[in-house]
Amino acid sequence: MVGKPREPDASEPAASADRGAACPARPEERCGVVQVARHVKDDGRALLLYTYVGERGPA
Amino acid sequence: VSELRFDELRGEQVAYAIHRQDRTFLPARDHCPLCPTRPDGPVTEIPFPAFEIAVFENRFPSFTAPLGAAEVVVYTDQHDGSFGTLEPERAEALMWVWRHRYHELGAREDIDYVFIFENRGVEVGVTLSHPHGQIYGYPFLPPVPGLELAADERLGGCAPCALLERELTDGRRLLFEDEGVVAYVPYAARWAYEAHVVMREHRPSLLDCHPEELRLLAGALQRLVRGYDALFERPFPYVMALHQAPTVTREPGADAGPTSGHLHVEFYPPLRTAEKLKYLAGSEQGAGSFISDTLPEESAATLREAIARAS
């Protein structure tokens, strides 16, 4: 394969933010054994937090 | 903002990211920017009290949109440790994080090559000791993956597939193998303990791997790194480089060519003994020709013993 990768992402419910300079920008996504929570930092940079959920997903 | 200049003499791009001169350099432990933000502590790059794996845009990027990307991948919120000491589930999760970033960055029109790597140890220029790696999204095809594609053409097919077959047939440089991956010191290794971890089947990128293959890849990379640490009984510095298919945008209908890339991970450790570093000097820098003082077959035997000790 040479070219742009194409693969649909499944969506999951949104997560909550913690203190500090970030808040979720989009609903959480699932990618294989990890779940992705997207945040944006105070200065505008993206921050992604990945959590291991295993093959069956979150409990 | 980075600037790209094309070196006509060498036929390659050079990136100037002068803001990186001011990047954080070996901070004290309690000022590590990759640690979580503790209550009453300084706000770090990750403003949460705990996390598993974090990815963020580099504050001092070599490349940035709309001409590429630079991301930091933090493997754990624990300051001490290394890729080799991660729990197996965390290492497996990291493979999926890499896969996710390859997919997302590679889909961008301005990124032609997604390069996932880790620099470990001050010997290779690490400025933060917290376990982490990086991802560069190059707005051009860099020379090394370009050379690998040229090797595909020269060999009339996938070069890593052909070289893997040769290594399996020869056997002297093999380190270990399983149903998913094969690890070996390459026939023409540049570094004394260079090693390649190659997908057994033809997988252009992480996106093409089965979940079980990703699990096996994570285990193989950890096995090798633990063996490295056992080699001289010290944290072993290295550059770990993932080579995958380019994500170049091609004109509609254009011939994709015979090449596709083949996912493999190359390790370049600078140590040639417990205390001696291999320097890139006259021949390597001035002529572009490596001179090695170690035979790959002998390195492989030594490394096999170290891996066995670490297992």
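Predicted model: local features only at pLDDT ≥ 70, side-chain atom pairs only at ≥ 80, totals over all residues.
Local features need pLDDT of at least 70 and side-chain atom pairs count only at pLDDT 80 or more, while totals for chains, interfaces and linings use all residues. Residues are numbered from 1 along each chain as its sequence is written, chains are lettered from A in the order in which they are written, and side-chain values use heavy atoms, with hydrogens and water left out.

**View 1. Chain A is built from five strands and zero helices.** The order from the N terminus is β-β-β-β-β. Helices (H or I, at least four residues) and strands (E, at least two) are DSSP runs, numbered from the N terminus. Chain A has 59 residues, and 44% of them count as buried. Buried means under 20% relative accessible area, with a 1.4 Å probe and protein chains only. Contact means heavy atoms within 4.5 Å. Of the contacts in chain A between residues at least 6 apart in sequence, 7% join residues at least 24 apart.

**View 2. Chain A meets chain B.** The contact involves 32 residues from chain A and 48 residues from chain B. About 3300 Å² is buried between the two chains, 57% of it from carbon and sulfur atoms. This area is the accessible area (1.4 Å probe) that two parts lose on being put together, summed over both.

**View 3. A salt bridge links Arg45(A) and Glu45(B).** Their closest N and O atoms are 2.8 Å apart. A salt bridge puts a side-chain nitrogen of Lys or Arg within 4 Å of a carboxyl oxygen of Asp or Glu. The count between chain A and chain B is three salt bridges.

**View 4. S5(A) pairs with S3(B).** The two strands run antiparallel and are joined by four bridges. Strands pair if DSSP finds at least two bridges between them. Tyr50(A) stands opposite Ile53(B). S3(B) covers residues 53–57.

**View 5. Glu118(B) sits in strand S5 of chain B, residues 113–120.** Why does Glu118(B) count as buried? Its relative accessibility is 5%. Leaving aside neighbours within four places in sequence, Glu118(B) is in contact with residues including Phe83(B), His132(B) and Val239(B). Tyr75(B) is also among them. Tyr238(B) lies 120 residues from Glu118(B) along the chain, with 7.9 Å between their C-alpha atoms.

How values were computed
Buried < 20%, exposed > 50% of the residue type's maximum accessible area, 1.4 Å probe, protein only.
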